[in-house]
Amino acid sequence: MGEAEDKDGVSGRLSRRRLAGHLLALGGVLGGVLAAQSLPGAAAARGTGPDGGRGGPDGGHGTGPEGGPDGGPDGGSGGPGRRWGVPGGWRSLRYGSAREAGLLEEHLDAALDETRRFLGPSPTHPWYAGAVVLAGRGRTVALHEAVGDALRYADYDGRTDTARELPPAERIPMRRDTVFDLASLTKLFTSVLAVQQLERGALELEAPVDRYLPEFTGGGKELITVRQLLTHTSGLRSWVPFYRESTREGQLGLLWQVRPQDPPGSVYRYSDLNLIALHLLLERVTGSTLDVLLRDEITIPLGMHRTRFRPPAAWRPLTAATEVERPPWSGLDRGLVWGAVHDENAHTLGGVAGHAGVFGTAWDLAVLARTLLDGGAYGAVRILSAASVELLFTDFNTAFPGDDHGLGFELYQHWYMGAMATPHAAGHTGFTGTSLVLDPSTDSYLILLGNSVHPVRTWRAGSAPRVAVANAVARAVPVRTAHGGPAWYSGMATGGTGTLTLPALGPLGAHARLECDLWWDTVPRDGSAHLEASVDGGGSWEPVPFDTVPLASVRFDAGSLGAGSSGGGSSGGGSSGAGSSGAGSSGAGSSGAVRSGAVRSGAVRSGAVSSGTVSPAHGVGREQWPQGMVTGWSGRVWHRLTAPLERWADEELRLRFRHRAEGRYVGRGVYVDRIRVRVGARDGGRAEVPDGGRAEARDEGRAEVRDEGRVAAGAGAELGGGGGEPIVFSDERPADAARLVAVGWTRSAD
């Protein structure tokens, strides 16, 4: 079952326009060529994951419920090393500390606390009976914990809305290796399989579906393309009740008979039918069933030994129970569903379907996440080319703002990604309570798996746990200033506003200007950062137009973004001294998925990746903000803000920064650092930023404060000294900093 009903319809997210997607006109040829390129990250870390040399996440060495060479979820005897000739223990993922991952421990702890919180009333019933949360950065998994129960309820009575709980001794606690019905996360696996066929030239993205599946025609279906299936723009309805048909022929007949509700390409509508059609197409093209394709093309190569369709009965004790299915809330009367697919249509289709039916663990999903963030390779195995991964994360739905979508992957969706949502963040949710978020811009990932339909789907609504946990994980990725010290921070509270106000200054003359370093990540249009001025003592405020320019190029330490040890805090992406040995990922995805960008006029401009450096793309430099405000995403790059103040040359002036956060979701927040007001003329009153801002960020700040510290701040000050432009206010001078009035802003060193 799809999860479109969990999306609250919040609009206003920016679309992303990335030209790389149009390379698909070349069909599978480019991908096939690139697939032959050498592996990124050749020096993979020796891991300690579930299949690693030291056993699984719970330290076991057994053979698991099935026995055999693969081992169990806790087993250490099998693994991809033995199947693919990789030296034993060579893994791309490993456990490590928050510091080794370049993350902040207190906020990872908060993510676990948030996971636990929704075991209680949310607001009336628990959102889930139990959950497993996994988060990491680079190749280091720094959080992997289980809470609550995998099996808690024996039955549910819809007449009284009460559940019959099992005695405590009969409940099954959640474990880190608990297997979940992943529900619509299945769509991601189906999409990866489809893109593999694009690489091999067996599919063309813009080809009509009926070229490969002749039965898929009639009523306009012949106009639907493979891309439209993957991006939910086919115009098909959301679903049809396959479970009402008793035969395979009758079930597929419903798909052949369905007609588009809207012309293909004219609307975005999340539809299970798109992935069911893609499933049938893949089987027709390859001659293999979807479960065999999943096993042979993804799970065996990557060592994902607890991910599959139709789990065997022996897995049931390690599987999270789902719903007590009975009409009217379910289309079928199956009682407690446990160890079998929850989705009624997937169940009717034999447990194998393109939209639902895959079972898996958090660790296995982390392997998939790491594979995609590393450009399609994991350890010594490659399942996709870097160009193909780029396509998975390319927004093809720029015509439908707010419904950003790659090939199978949803993009930039705050409604479940929370503050992890960036224009490059990709993920998906599943109706049973599952979710996956990847943020290539920070090389971080979050998997939250809950059995939220246990005992019944009506006990939960929305995605509050997903958002709360993602917010905490986003905060765990540090933002570093150029000088390594704290900056003024708006916080991440939903609703309301905060202000950071300078003391009264002036008259300042015709060539005065304000400068500061600015970093922002807000929900587009629902959140923003403003620069405002008042000449009546704060009674009224008006916008101050300003320019921004990205500071120096973001440099990642030794090609390892995931280590969190990126030098130069101006990036906002690294952690000073985090200890990179554990993360070791190549360039935040040598896939080229990481970019620096600037948001302007509703457009996101991507940067280019070269030699471990993310630099502003051609044409991205000084940006003008005539309304005195920024919204959206700054690309995790600090910007130098310059605001000429000649309009108020002859008046006593107050300046303030104001942060606004409305709606249900927030971004990572706004940071302001090195606030200065200068007087005097240089280049028409606007300071140039030498070397893209690096020199000034590194040297000029403290030197000027030191040289010109004797310049008095405030109205009527006698200016002079230093040989440069006098600074009448600098928050780097303790006396000036003490005169700032902060409401809702704090000093933060993270």
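The model is predicted: local features need pLDDT of at least 70, side-chain atom pairs count only at pLDDT 80 or more, and totals for chains, interfaces and linings use all residues. Residues are numbered from 1 along each chain as its sequence is written, and side-chain values use heavy atoms, with hydrogens and water left out.

**Chain overview**
- The chain has 15 helices and 36 strands; helices (H or I, at least four residues) and strands (E, at least two) are DSSP runs, numbered from the N terminus.
- Of the 750 residues in the chain, 63% are buried, where buried means under 20% relative accessible area, exposed over 50%, and partly exposed in between (1.4 Å probe, protein chains only).
- Among contacts between residues at least 6 apart in sequence, 73% join residues at least 24 apart; contact means heavy atoms within 4.5 Å.

**Backbone details**
- Proline 328 is in the loop between strand E9 (324-325) and strand E10 (335-336).
- Arginine 525 has a phi near 70°, a positive value in a residue other than glycine.
- Arginine 525 belongs to the loop between strand E20 (513-521) and strand E21 (527-534), and is partly exposed at 45% relative accessibility.
- Arginine 674, also not a glycine, has a positive phi of about 55°.
- Arginine 674 is part of strand E33 and is buried, with a relative accessible area of 3%.

**Helix H3**
- The 13 residues of helix H3 (residues 105-117) should span 18 Å at 1.5 Å a residue, and the end C-alpha atoms are 18 Å apart, which agrees; the expected span is 1.5 Å times one less than the number of residues.
- His107, Leu108, Ala111, Leu112 and Thr115 are buried in H3.
- These residues cover an arc of only 155° around the axis, so they lie on the same side of H3; the arc is that of the directions from the helix axis to the C-beta atoms.
- An α-helix has 3.6 residues a turn, so residues three or four places apart point the same way.
- The buried residues of H3 pack against strand E2 (130-137), strand E3 (140-151), strand E17 (444-450) and helix H13 (464-476).

**Packing of H4 and H8**
- Helix H4 (residues 186-199) packs on helix H8 (residues 290-302) at an angle of about 70°, with the axes 10 Å apart; axes are lines fitted to C-alpha atoms, for helices over the stretch in contact, and angles run from 0 to 180 degrees between N-to-C directions.
- H4 is therefore roughly perpendicular to H8, a class that covers 65 to 115 degrees.
- Phe189, Thr190, Val192, Leu193 and Gln196 in H4 meet Leu290, Leu293, Leu294, Glu297 and Ile298 in H8.

**Two buried valines**
- Valine 666 lies in the loop between strand E32 (654-661) and strand E33 (669-678) and is buried, with a relative accessible area of 6%.
- The C-alpha atoms of valine 666 and asparagine 471 are 8.2 Å apart, although the two residues are 195 apart in sequence.
- Not counting residues up to four places away in sequence, the residues that valine 666 touches include His414, Asn471, Met492 and Val523.
- Valine 367, in helix H10 (residues 362-373), is buried at 2% relative accessibility.
- With the same exclusion, up to four places away in sequence, valine 367 touches Leu93, Leu302, Met304 and Tyr378.

How values were computed. Angles under 35 degrees count as roughly parallel, over 145 as roughly antiparallel, 65 to 115 as roughly perpendicular and the rest as oblique.
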